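Here are a few exercises to work through with the model open beside you. Try each task before you read its solution.

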Amino acid sequence: MSPGGPIHTLKGRLAQLARSVGAIFVAVVTVGVMLILSWNPYTAFVLSVTLVFAIWASGMNLLAGYTGQLPLMFGGIAGLAAYLLLYLTETCRWPYWLALPMALTGAGMAGVLLGLPSLRLRGFYFTLSSLVVQLALTLFFVVAIPFTGGDIGRTVQVQPRLFGVSLQGRYLTYTALAILLSLTVFLSRLVRSHWGTFFRAIRDDDVLAGALGINVTLYKVVAFAIGSTVAGIGGVLYMYTVGFISPRSYDVLLSLTIWLMVGFGGRATILGPIVGAILLSPLPYLLQSVYLLRDIIYGTLVILTMLFLPEGIVGRLQRRERAESRTIQPDLSVATSMRKA
Amino acid sequence: MKGDGVPLLRVQGLTKRFGGVCALRGLTLFLREGETVGMIGPNGSGKSTFVNVLSGELRPDAGAAEFRGKALPLGQPHQIVRMGIARTFQHIRLYEAETVWENVRVPALAHYRRLGLRSPDEVVEAALADVGLLQKAALRAGQLTLYEKRLLEIAMRLATRPQLLMLDEPAAGLNAEEIRQLLAFLKALRRRLTLFIIEHTMRVVVELADRVVVLSSGEKIAEDTPQAILVNEEVIRVYLGGVNVNREGS
């Protein structure tokens, strides 16, 4: 359950160092490529959308991957934050940097409040109940016309500004990238701490986790609050990237698309959802010239991955790595006696 | 006979219904510190329900319980564990895909600070050494034998440093040799813990328990020493199906 375990060999440490150096190299190259691509307005837009999906997928992974709850209301919570921010900044004329924390806190609290009844449920029944919440949120977005603009949606009038720079185009891409990197570091530390151990213990058997003294409800609520806040961050970024907001932008299909990216890249892995988002979210834009075949190619790719890589791309790679590391583990008695000495 | 210590657990009028079925009917019970109490009864008599309620997994419809004079927060499993009560399950529950070490590390992480320790690894090592599984710490739990899995379950509870350990059918599925080993282990364990054991294997109850409680249809029908229970007419009729276990030598 904990990523490490009691055994630390020199070979293991060297392998870990090599992995860290490799990860930093890949991150630097990725950021470099993104910076180059962001000079073109269209690729900057596609990049922003990809980064927003990577943020969303990372947030959903905390819930669906690490705590075993598939929240189909994820899109609705994202929409709630976006609508709330737009309402506060453009209708109520609140300063942006006051409205943003309010909108994100609102998303986190709404996620917990709407999710609380569902937290008593498990597996399929939790997912079903979260679907009902999502449908209720979509209905709210449609009928609350003074707040949301109804089914026809609302256009974003004013882009937010940071240090005198309007956050649009490549500046929005940089903002999304900075948020994704910060979020990745935060989630990485979280899941490697005792919180991550307890999240996985609850996911694998919540009755057992409770019997071992873990406050199951508390950890589920915290995971839900974090996941909902991340949904809200993505919702706000998506709104400013697209420049438009409507109930369709944040419906159940959005939740399913994000879930697909999590499963495609690898559930319960930090990099998996990011890999899933990077590979899947630009596809609709890249395949625009063959739009008749677009959905077929997209669907075939997903089905093939699920058939041959059910743990997702990163999940498969990590499983192979774990299997290899097990074969070189020494007898624990030796390690224990060495530690005692 | 042990069990002359101070009262550790008092259960008063515990009732639990599932729809029209009354699984526990106003059960009253007490446990003294240091004693080992066995609970027997036919299938469906409410034994596991009693443990489920007392460990907080189920909320009772009526009744209350006190542990060391403090009200037990029934329905709050994690708080009950923190008060010093741990339980195992009738059907073994482990994190089978994880290693033995990682299984015990889950409760160790949850409790080492409360226990005033600097590292959860100290707790894990002590618990695994207690049950004799330290050499198998790097194995996955799913690779263990049934008996070892039972020991791992107990090690996970020992990592919470309980004062009362409730074992739900610990000998279920074990062969005669494994039962002998389990008995030896539990005899050592009862010197430092109060044990409450639900068991169908009479040999385990007779050899371990200072006192036996017999349930039938959610009600306590007898409570006495194991020797007295074995010759109790009512118990023989309800639970043992008219067969005198002493004579049969089970």
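**Exercise 1. The make-up of chain B**

How many helices and strands does chain B have? Then decide how its radius of gyration compares with that of a compact globule.

Solution. Keep in mind that this is a predicted model.
- Step 1: counting the elements of chain B gives ten helices and ten strands.
- Step 2: the C-alpha trace of chain B spans about 50 × 40 × 40 Å along its principal axes.
- Step 3: for 250 residues, a compact globule would have a radius of gyration near 18 Å; chain B has 18 Å, so the two agree.
- Step 4: turning to burial, 55% of the 250 residues of chain B count as buried.

**Exercise 2. Two helices of chain A**

Find helix α2 (residues 41–66) and helix α10 (residues 216–242) of chain A, and work out how they are oriented to each other.

Solution. 
- Step 1: the two helix axes come within 8 Å and cross at roughly 170 degrees.
- Step 2: angles over 145 degrees count as roughly antiparallel, and α2(A) and α10(A) are therefore roughly antiparallel to each other.
- Step 3: sorting the residues of this contact gives 17 nonpolar, six polar and no charged.

**Exercise 3. The second largest pocket**

Which element gives the most residues to the lining of the second largest pocket?

Solution. 
- Step 1: the pocket has a volume of about 720 Å³, and 24 residues line it.
- Step 2: Arg120(A), Arg122(A), Thr217(A), Gly75(B) and Pro77(B) are the lining residues that lie nearest its centre.
- Step 3: two or more lining residues come from each of α4 (96–119), α9 (206–211) and α10 of chain A, and from α2 (77–83) of chain B.
- Step 4: α9(A) gives the most, with four residues.
- Step 5: by type, the lining divides into nine nonpolar, eight polar and seven charged residues.

Conventions: Residues numbered from 1 in each chain as written. Chains lettered and ligands numbered in written order. Predicted model: local features only at pLDDT ≥ 70, side-chain atom pairs only at ≥ 80, totals over all residues. Heavy atoms only, no water. Axes fitted to C-alpha atoms, helices over the stretch in contact; angles between N-to-C directions. Parallel < 35°, antiparallel > 145°, perpendicular 65-115°, else oblique. Nonpolar A, V, L, I, M, F, W, Y, C, P; charged D, E, K, R; others polar. 1 Å grid on protein atoms, 1.4 Å probe; cavity = no way out; pocket = protein on both sides within 12 Å on 5 of 7 lines; lining within 4 Å. Points joined across faces, edges and corners; volume = space filled by probe spheres on them. Rg over C-alpha atoms; globule rule 2.2 N^0.38 Å. Buried < 20%, exposed > 50% of the residue type's maximum accessible area, 1.4 Å probe, protein only.
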